[in-house]
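Visitor: I have a model to look over with you. Please walk me through it, one question at a time.

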4 protein chains.
Amino acid sequence: MVGRGRPRDAEVEGKVLEAAVAELRQRGYEGLAMDRVAERAGVAKTTIYRRWSSKAELVVALITHLRDDVPFEPGDDSRRDLTALVTAIAARLTSTPTTLVADLAAAAARDPRISESVRTLWAARHRAVTEVVAKAQQDGLVLTHVAPAVLVDQLVGPLYYRLLVTGEPLTPEYARTLVTSVLGPSRSDQES
Amino acid sequence: MVGRGRPRDAEVEGKVLEAAVAELRQRGYEGLAMDRVAERAGVAKTTIYRRWSSKAELVVALITHLRDDVPFEPGDDSRRDLTALVTAIAARLTSTPTTLVADLAAAAARDPRISESVRTLWAARHRAVTEVVAKAQQDGLVLTHVAPAVLVDQLVGPLYYRLLVTGEPLTPEYARTLVTSVLGPSRSDQES
Amino acid sequence: MVGRGRPRDAEVEGKVLEAAVAELRQRGYEGLAMDRVAERAGVAKTTIYRRWSSKAELVVALITHLRDDVPFEPGDDSRRDLTALVTAIAARLTSTPTTLVADLAAAAARDPRISESVRTLWAARHRAVTEVVAKAQQDGLVLTHVAPAVLVDQLVGPLYYRLLVTGEPLTPEYARTLVTSVLGPSRSDQES
Amino acid sequence: MVGRGRPRDAEVEGKVLEAAVAELRQRGYEGLAMDRVAERAGVAKTTIYRRWSSKAELVVALITHLRDDVPFEPGDDSRRDLTALVTAIAARLTSTPTTLVADLAAAAARDPRISESVRTLWAARHRAVTEVVAKAQQDGLVLTHVAPAVLVDQLVGPLYYRLLVTGEPLTPEYARTLVTSVLGPSRSDQES
DNA sequence: GGTTAACCGAGACGGTACGTCTAGTCTTGCG
DNA sequence: CGCAAGACTAGACGTACCGTCTCGGTTAACC
């Protein structure tokens, strides 16, 4: 007895998320009004609440929707791969409104369901890093014998730390320095 | 023309900040209601707004008020000092409600004044780390030649990263591993 | 071109009306939600709207459905008959939730179709009174020469007045007093 | 400790009630939207809810506000007085939207506080009738020896009965007939 | 010692948003 | 067709919060 009743309008989800993203960019999280989202999406407020039980959940979905996993295929040069990955993550964080990242963290700290959702998002984004780090370690490129997970934390963690805590900029140079710190200087770095 | 009129009640500031801290811990930034702060402090809302022109400014003041710098004097053994420091920071973060940290970050991301205030707070807490790292580097304990600031980020950043992003626990072992990763294994570690 | 398509389920009408009556008793007219009626009746909302085009019309039908005329055969003694009738009406009103009566009046005041339906209901219930009053008047039992309809109003009206307006109780004594006031005291009353 | 805080704006109450009356006349009870009342009165919705906790209570207040007790001084002729009073009540009921009367009854049947309020309203309006009836009875004008309260019910009750139940019109003639039925025919009536 | 200036408390007020509820309509697929 | 299931529009309801404003009443400093 599946598929009874009127099926959900497939367009709704997209329209709402799009409207929400636009509003979010324009007025920030606090300024994101459900009424306006509804109107902008050309949809009744009830329809939004049927899918997402609160503003917070809508924003979570919105973020997930933003996920555009660029599949990453590792090359031969782990150092180059790692630098590219960390730089990409930094770039992405930079282009995302900081409030969003912070609000997600705050919402996650309060609601375990959101927490899970948000963590899944980040996990997906950082997975490739773990793989490349493990590979680099097998190749003997890493200085210390520490669990790969810790190294990942030391590559990615500082990005969030700067973004959320110190407010310093996430430049490509910074990303490269992080990699250098973990892998040691490359030959070209040494020469310079 | 100084000192005319009724002087401000000296106790008010303290009472309000205390009440605000309590509310912030309980309900987070969004849930921090000025009405409740006023009631809890036994003070009129007007009195609060006379001192701080908005909720945001109140939180700024509140954060500054939180600063309770435990003075740290470095010893001979930089590795031991560093481990102690990172462990202490981790312990402090663990004992602080995660929502508080996240909400501060969120508030900072929204309001530059809060941002500055929050950063000053963290900077005070992390200053000692920078000093010890620099000393360790001078002593030749650090593997790579990277700016001390970056090393600090890689020691402290992962703590916030785990707390706010991945949700993994901040154990003393983790703190020691972070130090090991930066300084390389200690002699005792190597022996084991 | 008769009997095309699936025939209407004969049970539906009864189930819906019954459910609607129950809801009406519990929650009153305003609180009568079509969704709840549908669910309680085990019927789709669409099915209800196919038969009755609005909440108002459903209530109309519902009222008609409530009609359960207890046939009354007059005896020799008009005074006794009248007393019995008025007492019976009072008892029935007492056992009916006051909200129901009031809501019916309110709905009637709003919608002429409901109005007609409700009036038919009351008329059926009060018809016997008119007959007996007319008979009593012919027998010379009534003090004044007033149209029977007015006397009926003065016998039945006070019941609704007390119920809806003053909130005073409808006791059998009250019913008898009403009859006494219209017919004059009976011989036994006079003796006492 | 009187008169603390900002005093209530004296105009608000009047403006809101006026706006509410206008809305009520235009769109009926169900169509009376608090948002529109607020806008029309040039007042925030919160301000309305601070004074009246619900739509129902606002309407009650509205009715009470409508109270314009025409003080009645009885003359020598009780029959004339009574006729005038009953006619006045009938006229007033006729000029009031029926929905209002019915809705008040319905609201009263649900909420005891409203009930009390409404009854007070009616009681004030009907008080004079009781007095005049009692006087008429002392003067020997009443046919039967029944409690004055019952006679009042039989004079006023039929008006509400016709209005809410049978829907028949409340003409001055009807009012006079009611009085006649209770007092017996006047001399002039007999002559005619 | 009266005037004046600034404070304090209480709380009303305008405004904005949230999340809930309902009436009625519309869209499927099954019988 | 009828029916069940349930999505959809439109819009009211009552609550919460923010920041402003208006009072009556204090508490000093100054004339």
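Visitor: What percentage of the 192 residues in chain A do buried residues make up?

Guide: This is a predicted model, where local features need pLDDT of at least 70, side-chain atom pairs count only at pLDDT 80 or more, and totals for chains, interfaces and linings use all residues. Residues are numbered from 1 along each chain as its sequence is written, chains are lettered from A and ligands numbered from 1 in the order in which they are written, and side-chain values use heavy atoms, with hydrogens and water left out. Buried means under 20% relative accessible area, exposed over 50%, and partly exposed in between (1.4 Å probe, protein chains only). Of the 192 residues in chain A, the buried share is 46%.

Visitor: How many helices and strands does chain A have?

Guide: Helices (H or I, at least four residues) and strands (E, at least two) are DSSP runs, numbered from the N terminus. Along the sequence the pattern reads α-α-α-α-α-α-α-α-α-α. The C-alpha trace of chain A spans about 65 × 45 × 25 Å along its principal axes. The tally for chain A is ten helices and zero strands.

Visitor: What share of the contacts in chain A with a separation of 6 or more comes from residues 24 or more positions apart?

Guide: Contact means heavy atoms within 4.5 Å. Counting contacts in chain A with a separation of 6 or more, residues 24 or more positions apart account for 66%.

Visitor: Which residues of chain A does the UniProt annotation "DNA-binding region" cover?

Guide: The label comes from an unreviewed UniProt entry. UniProt positions follow the numbering used here, feature names are shortened, and annotations may be inferred rather than shown by experiment. In the model the span is 75% helix and 0% strand, with its end C-alpha atoms 14 Å apart. The annotation covers residues 33-52 of chain A.

Visitor: Is A:His126 buried or exposed?

Guide: A:His126 lies in helix α7 of chain A, residues 112-138. A:His126 touches A:Ile89, A:Val156, A:Tyr160 and B:Tyr161, not counting residues up to four places away in sequence. Its relative accessible area is 5%, so A:His126 is buried.

Visitor: With which side chain does the side chain of A:His126 make a polar contact?

Guide: A polar contact is a pair of N or O atoms within 3.5 Å; within protein, one must be able to donate a hydrogen and the other to accept it, and residues adjacent in sequence count only if both atoms are side-chain atoms. For A:His126 the distance is 2.6 Å. The partner is the side chain of B:Tyr161.

Visitor: What area do chain A and chain B bury between them?

Guide: Buried area is the accessible area (1.4 Å probe) that two parts lose on being put together, summed over both. Here 37 residues of chain A are in contact with 40 residues of chain B. Carbon and sulfur atoms carry 62% of the buried area. The total for chain A and chain B is about 3300 Å².

Visitor: Which residues of chain A lose the most area to chain B?

Guide: Three residues stand out, together 19% of what that side buries. They are A:Arg110, A:Gln154 and A:Tyr161.

Visitor: With which residue does A:Asp153 form a salt bridge?

Guide: A salt bridge is a side-chain nitrogen of Lys or Arg within 4 Å of a carboxyl oxygen of Asp or Glu. The count between chain A and chain B is two. For A:Asp153 the closest N and O atoms are 3.3 Å apart, and the partner is B:Arg162.

Visitor: Which element gives the most to the side of chain A that touches chain B?

Guide: Chain A and chain B have 13 residue pairs in polar contact (both at pLDDT 80 or more). On the chain A side, α6 (98-110), α7, α8 (148-166) and α9 (172-183) each supply at least two residues. With 13 residues, the top contributor is α8(A).

Visitor: How many residues does the contact take from chain C and from chain D?

Guide: Chain C and chain D bury about 3300 Å² between them, 62% of it on carbon and sulfur atoms. One salt bridge joins C:Asp153 and D:Arg162, with closest N and O atoms 3.3 Å apart. The contact takes 39 residues from chain C and 37 residues from chain D.

Visitor: How far apart are the nearest C-alpha atoms of chain A and chain D?

Guide: No contact joins chain B and chain D, whose closest C-alpha atoms lie 10 Å apart. Chain A and chain D do not touch either. Their nearest C-alpha atoms are separated by 16 Å.

Visitor: Which residues have the most contacts inside the largest nonpolar core?

Guide: A nonpolar core is a set of buried Ala, Val, Leu, Ile, Met, Phe, Trp, Tyr and Cys residues joined through side-chain atoms within 4.5 Å. The largest has 133 residues. Apart from it lies another core of 132 residues, among them A:Val37 and B:Leu163. In the largest core, the residues with the most contacts are C:Ile114, C:Leu155 and D:Leu155.
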